[in-house]
Amino acid sequence: MLKEYSFEKTAIQTFADNVPLALRTEDMQVFYGSNHAMHDASLSFPKNQITALIGASGSGKSTYLRSLNRMNDGIATVTGKIWYHDVDINEPDVNIYEIRRHIGMVFQRPNPFSKSIRENIIYALRAEGIKDKQVLAERVERSLRGAALWDEVKDNLDKSALALSGGQQQRLCIARSIAMEPDVLLLDEPCSALDPISTVKVEETLAELRKKYTIIIVTHNMQQAARISSQCAFFHLGHVMEYTPTATMFSNPQIPVTQDYISGSFG
Amino acid sequence: MEQTNSDLKPNDARTDDWTARLHRATRATREDWLGRGISYLCIGVIILVVASMLWFITSKGIATFTQNHVNLWKFISGTNWSPNQGQIGALPMIVGSFAVTFAAAIVATPFAVGTAIFMTEIAPNKGRKFLQPVIELLVGIPSVVYGFIGLAVVVPFMRHLVGGSGFGIISATFVLFVMVLPTITTMTVDSLRAVPRFYKEASLALGATRWQTVSRVILRAATPGILTAIIFGMARAFGEALAVQMVIGNAAIMPKNLISPAATLTSQLTTGIGDTIDGTLPSNALWSLALILLLMSLFFNALVRLIAKRGQLSHER
């Protein structure tokens, strides 16, 4: 039996004014029809750091993540403010295509297109109107290097992306996202479909990418959150309960529900 | 109840019992045999029917060449169709059939794909609630009704528009366009719906617009399915007899343009079948037309299978 926890007592960290933030949400609510899936989520994400979102299945962490680059448009109703460069990007008149170029996303299951490795990466660049072969080739190499995949595929760029292993496919998806040179990279359980060795590679890639990008990662795996993130947000039944530095969350959780989740009482 | 290990192990005295026991027929095995027998019987009957139809049409169809000693090449390339005078050049009907089939497919495909995109990507709810039933209704309308509308509306319209009798390939194309549209549309809708959601999501997450996503990812992934849909539409157009016969004018002469009366393989079959005596050249010649129709539908089928195989390869992950 899941204990009833109070949603009143939360421990949400805020940041000093001099900490540069990449993204900030204010009282975000998400509704799937009449189902209120996310309550008052107010979180700030410091630049060039990895923030992990943890919690049990159905806690709303993926819902929250997908709202950040408006991937929930047409699926759910998202209210509240999402601040990005001092613009509320949750306004209806904001260009969602532009947002997604700056806030990239990698999904739970590797989802490369049924095209060659090269075509996968230049797909979005072409859509943006870049045609120069030189520029495209440079971007392909740079983003594949960024995702630590270059050495494995450089001789087979025209091979189908579907012939790659799951871990390689996921790194290709990361490469595809960073080819757009976004500010923020959202990752929705990127390792849940991967084996441990591929997972290590993706984690190493993320640690390297942190230098250039702000990373927000949803993960089911508490060890993974502990290994890679600087701060951690714990979600429970559509509420953000605790948001603290990762070291604090795992050694000294502030509220009972986090303590129970961290110690494995549920989830 | 407790069973020890030794109870289960057959000892010397019981070994034979167990052999017999584990080999005898029970209710379960008999049911198994019965079920298998029934389904073998059904498939046997079907195979027999199909095989005898194939044999029948083929043997009748080749009689023109084996008994009446008509040259096969002359049959296919000849342009004079007067079976009673011994002239059976089938080219006018072959050309007519292909002309209406391709023309109908070419005209119908853009409309069908556009409608399917609207139904799946632009307004999926309206598509499912309103358009789907409408299109399914169109599939169910008997072809004689289409032919009748063609005769009453399309033919006079063409007569006013371009002159002449109004009967001809263009009227047949128009009627077939309406008839194959629902076929191509429903199958295209199915293949668009079958495109995995993650393709669309991946594209949108990269900042691609909805139109870029549809044109470069979804349509690309659905191409084998759309091609299959078009071929099914063509097969339907190729095989349609009644509606075409009512509007094409039924003149077994080489079509000079799109508005002069012409004939297709099917329309010539339905027109001529009542006037012939079994076993004579005019009758055998019609069977030969039927054989061409049969071969063409086998060809369409083979094409669909080929595309399905190719499509499978490109979707593996």
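Start by selecting chain B, which is divided into domain 1 (12-66) and domain 2 (77-315). Keep in mind that this is a predicted model.

**Chain B: two domains**

Colour the two domains of chain B separately. Their centres, taken over C-alpha atoms, are 38 Å apart. Now look at where they meet. On one side, 6 residues of domain 1 of chain B are in contact; on the other, 9 residues of domain 2 of chain B. The domain 1 side of this contact holds 2 nonpolar, 3 polar and 1 charged residues.

**Chain B: overall form**

Show chain B as a cartoon. You will find 13 helices and 2 strands. The radius of gyration of chain B is 28 Å, while the globule rule gives 20 Å for 317 residues; the value is well over the rule, so chain B is more spread out than a compact globule.

How many of the 317 residues of chain B count as buried? The share is 36%. Next, consider the contacts in chain B with a separation of 6 or more. Residues 24 or more positions apart account for 74% of them.

**Chain B: annotated segments**

Zoom in on two of them. Residues 90-113 of chain B are 96% helix and 0% strand. The end C-alpha atoms of that stretch lie 34 Å apart. Then move to residues 285-308 of chain B, where the chain is 100% helix and 0% strand. Here the end C-alpha atoms are 35 Å apart.

**A nonpolar core**

Which residues touch the most other members of the largest nonpolar core? Select B:Val175, B:Leu176 and B:Val180. The core has 143 residues.

Stay on B:Val180 and show its neighbours. Leaving out residues up to four places away in sequence, B:Val180 touches B:Ala104, B:Ala105, B:Ala108, B:Gly233, B:Arg236 and B:Ala237.

**Across to chain A**

Now display both chains. In the contact between them, 18 residues of chain A meet 17 residues of chain B. Which elements of chain A each supply at least two residues to the side that touches chain B? Highlight α2 (96-102), β8 (103-106), α3 (117-128) and α6 (166-178) of chain A. By class, the chain A side of this contact has 10 nonpolar, 4 polar and 4 charged residues.

**Chain A: overall form**

The C-alpha atoms of chain A fill a box of roughly 55 × 45 × 40 Å along the principal axes.

Of the 267 residues in chain A, 46% are buried. Take the contacts in chain A between residues at least 6 apart in sequence: 70% join residues at least 24 apart.

**Last stop: the annotated domain**

Select residues 23-262 of chain A. The unreviewed UniProt entry labels this range "domain: ABC transporter". Across residues 23-262 of chain A, the chain is 38% helix and 26% strand.

Methods: Residues are numbered from 1 along each chain as its sequence is written. Chains are lettered from A and ligands numbered from 1 in the order in which they are written. This is a predicted model: local features need pLDDT of at least 70, side-chain atom pairs count only at pLDDT 80 or more; totals for chains, interfaces and linings use all residues. Helices (H or I, at least four residues) and strands (E, at least two) are DSSP runs, numbered from the N terminus. The radius of gyration is taken over C-alpha atoms; the globule rule is 2.2 Å times the number of residues to the power 0.38. A residue is buried if 20 or more other C-beta atoms lie within 10 Å of its own, exposed if 12 or fewer, and partly exposed in between; C-beta atoms are placed from the backbone. Two residues are in contact if their C-beta atoms, placed from the backbone, lie within 7 Å. Ala, Val, Leu, Ile, Met, Phe, Trp, Tyr, Cys and Pro count as nonpolar, Asp, Glu, Lys and Arg as charged, and the others, Gly among them, as polar. A nonpolar core is a set of buried Ala, Val, Leu, Ile, Met, Phe, Trp, Tyr and Cys residues joined through C-beta atoms within 7 Å. Domain bounds come from an automatic or database domain assignment. UniProt positions are given in the numbering used here, feature names are shortened, and annotations may be inferred rather than shown by experiment.
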